[in-house]
Amino acid sequence: MSERTDTRRIAVVTGGTRGIGQAIARRLAHDGLGVVVWDLDPVVPAGDNQDWKADHIQAVDVADPISVERAMTQTLEVVGGVDILVNNAGINGPVKPLWEYSSEEWGRVIDVNLTGVFNTCRAVVPHLVDRGWGRIVNIASIAGKEGVQNITPYSASKAGVIGLTKALAKEIITTGVTVNAVAPVMAATDLLDQMTEEHIAASKGKIPMQRLLEVSELAALVAWITSEECSFTSGFTFDASGGRATY
Ligand SMILES: NC(=O)c1ccc[n+]([C@@H]2O[C@H](COP(=O)([O-])OP(=O)(O)OC[C@H]3O[C@@H](n4cnc5c(N)ncnc54)[C@H](O)[C@@H]3O)[C@@H](O)[C@H]2O)c1
């Protein structure tokens, strides 16, 4: 590991070149944090990077533990330390009934959305615990709380992320490292390309505020959860549902 001279908090954001992850990375960079992005596609689209810059962007498949371990080693070499982990990388998978899913389709959604969070936490948590301070935020989904028809693996993976969040938080509750999740409703990102028009319309119709979530709204919530101020909450799943979630 290189000697750490940077006094800024350093945040790793998975899936940070696009969508919600990019909004989180941008917000944290604007707030003065150092930002490292781990993404399968390590290129921020032209035009999206005019007003922020990551300190380091690394090609990573979060579903592959070797890729994640390598990313952690390289990240420590480049920026010297990690304080915050935002597990945002995720895929929707196809929209169809459970019995039409192949084992491969099911497996990829679980591997990226749930095992990916396991892989990154396993690589990063010992480092955070050693340092005695840290924030982990897992981007789950309202689908993980409610269960949404025709996206069974996605719903199961996000319910798994909520369970992982609660369990891991308890394991390290006295260490100074908090572990929380956020359960958003639909936001207009590339993720919607994986969905049918009917599915998108049905999801929009369930939001009492009658609009989609803005990615900047979610980024603001994550910025607070990862801050010094959010110090006495761990194992919790924060709401970002425009009034949809009732628990
Ligand atoms: N957009 C929504 O409506 C919505 C709602 C609730 C929850 N979420 C969750 O928010 C997160 C971000 O979604 P988004 O809408 O920004 O999606 P997106 O498709 O716009 O962006 C996802 C990002 O993750 C990256 N990624 C995908 N697979 C990866 C892998 N195996 N390893 C590393 N990076 C990978 C992609 O390259 C991309 O940059 C996901 O976990 C998603 O489930 C999204």
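**View A. Helices and a strand along the lining of the largest pocket.** In this predicted model, helix 1, strand 2 (34–39), helix 3, helix 4 (142–146), helix 5 and helix 6 (197–205) each supply at least two residues of the pocket lining. Helix 1 gives the most, with 3 residues. Helices (H or I, at least four residues) and strands (E, at least two) are DSSP runs, numbered from the N terminus. Because the model is predicted, local features need pLDDT of at least 70 and side-chain atom pairs count only at pLDDT 80 or more, while totals for chains, interfaces and linings use all residues.

**View B. The space inside the largest pocket.** About 910 Å³ of space lies here, where a volume is the space filled by probe spheres set on grid points joined across faces, edges and corners. On a 1 Å grid over the protein atoms alone, a pocket is an open set of points with protein on both sides within 12 Å along at least five of seven lines, a cavity is a set where a 1.4 Å probe fits but cannot get out, and lining residues have an atom within 4 Å of a point. Of the 45 lining residues, look for Asn88, Gly90, Ile91, Thr189 and Leu191, which lie nearest the centre of the pocket.

**View C. The ligand and its shell.** The ligand sits in the largest pocket, meaning that more than half of its atoms lie within 2 Å of the pocket's grid points. Around the ligand are 29 residues, of which Ile20, Asp39, Asn88, Tyr154 and Thr189 come nearest; a residue counts as near if one of its heavy atoms lies within 4 Å. Helix 1 (19–30), helix 3 and helix 5 (152–171) each supply at least two residues of this shell.

View D. An N or O atom in the side chain of Thr189 is 2.4 Å from an oxygen atom of the ligand. In the side chain of Asp61, an N or O atom lies 2.8 Å from a ligand nitrogen atom. Val60 takes part through its backbone, with an N or O atom 3.3 Å from a nitrogen atom of the ligand.

**View E. The largest cavity.** The structure holds 1 cavity of 30 Å³ or more. Thr14, Val62, Asn87, Ala89, Val112, Gly116, Val117 and Thr120 line the largest cavity, and helix 3 (residues 103–131) gives the most to this lining, with 4 residues.

Note on methods: Residues are numbered from 1 along each chain as its sequence is written. Side-chain values use heavy atoms; hydrogens and water are left out. A polar contact is a pair of N or O atoms within 3.5 Å; within protein, one must be able to donate a hydrogen and the other to accept it, and residues adjacent in sequence count only if both atoms are side-chain atoms.
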